[in-house]
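Subject: Structure for your review

Dear colleague,

Please find the structure below, followed by an account of what was found in it. I would be grateful if you would read the two side by side.

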Amino acid sequence: MGKKDVCKMSIIYINYGTKLQEITYEIMKEANIKAGLNSDMTIGIKPNLVVSRPAKEGATSHPEIVEGIIQYLQEAGIKNIIILEGSWIGDSTQKAFENCGYSALAKKYKVKLVDTKHDNAIRKESKGIQLNVCESALAVDYLINVPVLKGHCQTGLTCCLKNLKGCIPDSEKRRFHTLGLHTPIAALNAILRPSLHIVDSICGDLSFEEGGNPVVANRIMLGFDPVLLDSYGAQLIGYDPDEIVHLRIAKEYGLGNYISDETNIIELNSQNRPLVNIKANPIGSLLSKYIEEDSACSACYASLIYALDKLDRYKGDRIKIGQGFKGKKIKGLGVGQCTSGCEQYVKGCPPKASDIIKILENL
Ligand code: SF4
């Protein structure tokens, strides 16, 4: 790994917005992704289509993000693009392709859909574990991982690392659970090393992989180190990175670094983040009785929702959040830089749920 790569590995690009195709194209342009491509490459795009539910429900990757990726790649002269995924056991990938908008996308851009459930499996050895991996994922020259940042009932978080589970056959998915899930996820990531990760943090679910409780943040992130992105994602949704076992193991395996002061976060449009629409957040509406909101960015509000959900019952005064509090001297607790005039406030713009939890626990 050269000096340039070391630099690249420590960057997280972030873009906010509701025009998903546009913000994806923009973020790839900003990161100058085409510099690492050549037109002979076969590029694989791996979204999260774990279930056959539309992206707005919080489980699956938005097709508009994948559309922005395809548009960027085709303009860069890439002709061979495949979208590969295998839904979880018991769900049909074909149904997910259809219901989540991927069949239409494939037709529009003439790209191939590969259902990894029907793929050949290749035996690989990683970190002392034998794993069966889908041939299509191994065969591409450049793999783009497009996970959803969301909660998970077993692993706490699912994002870049866990998303690769769609690149193994169903029989292997079952075996992963018998192997304890965390270690094989990390070992799989030592085999399949995606060249690029574009994280869908538009409306990932609060706590379940299968969606149903979306928390709208209107954010996408781009990076090259899955450990870095997942550790940042963990903090955004209220965890210490070490609490996510497969993430800790991936770091121990040397697959990347946690977020730190060395991380370079590049935000493309921090002045133009979409504001929260509380009604679009079912759980946000439920928790709004604890919150005094005035023009809060959706990403800021999302962090507060993740934090409040993790504290069993919050009993304090209503928490201030939003740009409407900027420059005001106010009693009580605020969340985010805009509330720096509060008696106490959580730093960050947007703040991380893990930082909000630390303050709320000590009130
Ligand atoms: S602190 Fe930042 S993210 Fe939060 S409402 Fe203010 S400007 Fe938006």
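**The largest cavity**

About 80 Å³ of space lies in the largest cavity of this predicted model. A search of the whole structure finds 1 cavity of 30 Å³ or more. Rolling a probe the size of a water molecule over the atoms shows where empty space is left.

The lining of the largest cavity is made up of 13 residues, and those nearest its centre are Ser201, Ala217, Arg219, Ile237 and Tyr306. By class, the lining residues comprise 9 nonpolar, 3 polar and 1 charged. Helix H13 (residues 298-310) gives the most to this lining, with 4 residues. Both domains take part: at least three lining residues come from each of domain 1 (3-271) and domain 2 (275-361).

**The sheet of 8 strands**

The model also contains an open sheet of 8 strands with mixed pairing, in the order S4-S3-S2-S7-S10-S11-S1-S12. Its edge strands are strand S4 (112-115) and strand S12 (264-267), each of which pairs on one side only. On average, neighbouring strands of this sheet are turned by 20° against each other, direction ignored.

Strands of a sheet pair through backbone hydrogen bonds, either parallel or antiparallel. Strand S1 (residues 11-16) and S12 run parallel and are joined by 4 bridges. Within this part of the sheet, Tyr13 has Ile266 in S12 as its bridge partner.

Helix H5 (residues 102-109) lies across strand S2 (42-47), strand S3 (80-85) and S4, and runs at about 145° to S4.

**Two backbone details**

Most residues other than glycine have a negative phi, and most peptide bonds are trans. Two places in the model are therefore worth a look against that background.

The loop between H5 and S4 holds Lys110. The phi of Lys110 is near 55°, a positive value in a residue other than glycine.

Cys349 and Pro350 are joined by a cis peptide bond, with omega about 0°. Pro350 has its place in the loop between strand S16 (342-346) and helix H14 (353-361).

With kind regards

Terms used
Residues numbered from 1 in each chain as written. Predicted model: local features only at pLDDT ≥ 70, side-chain atom pairs only at ≥ 80, totals over all residues. Heavy atoms only, no water. 1 Å grid on protein atoms, 1.4 Å probe; cavity = no way out; pocket = protein on both sides within 12 Å on 5 of 7 lines; lining within 4 Å. Points joined across faces, edges and corners; volume = space filled by probe spheres on them. Helix = DSSP H or I, 4+ residues; strand = E, 2+ residues; numbered from the N terminus. Nonpolar A, V, L, I, M, F, W, Y, C, P; charged D, E, K, R; others polar. Domains from an automatic or database assignment. Pairing = 2+ DSSP bridges. Axes fitted to C-alpha atoms, helices over the stretch in contact; angles between N-to-C directions. Contact = heavy atoms within 4.5 Å.
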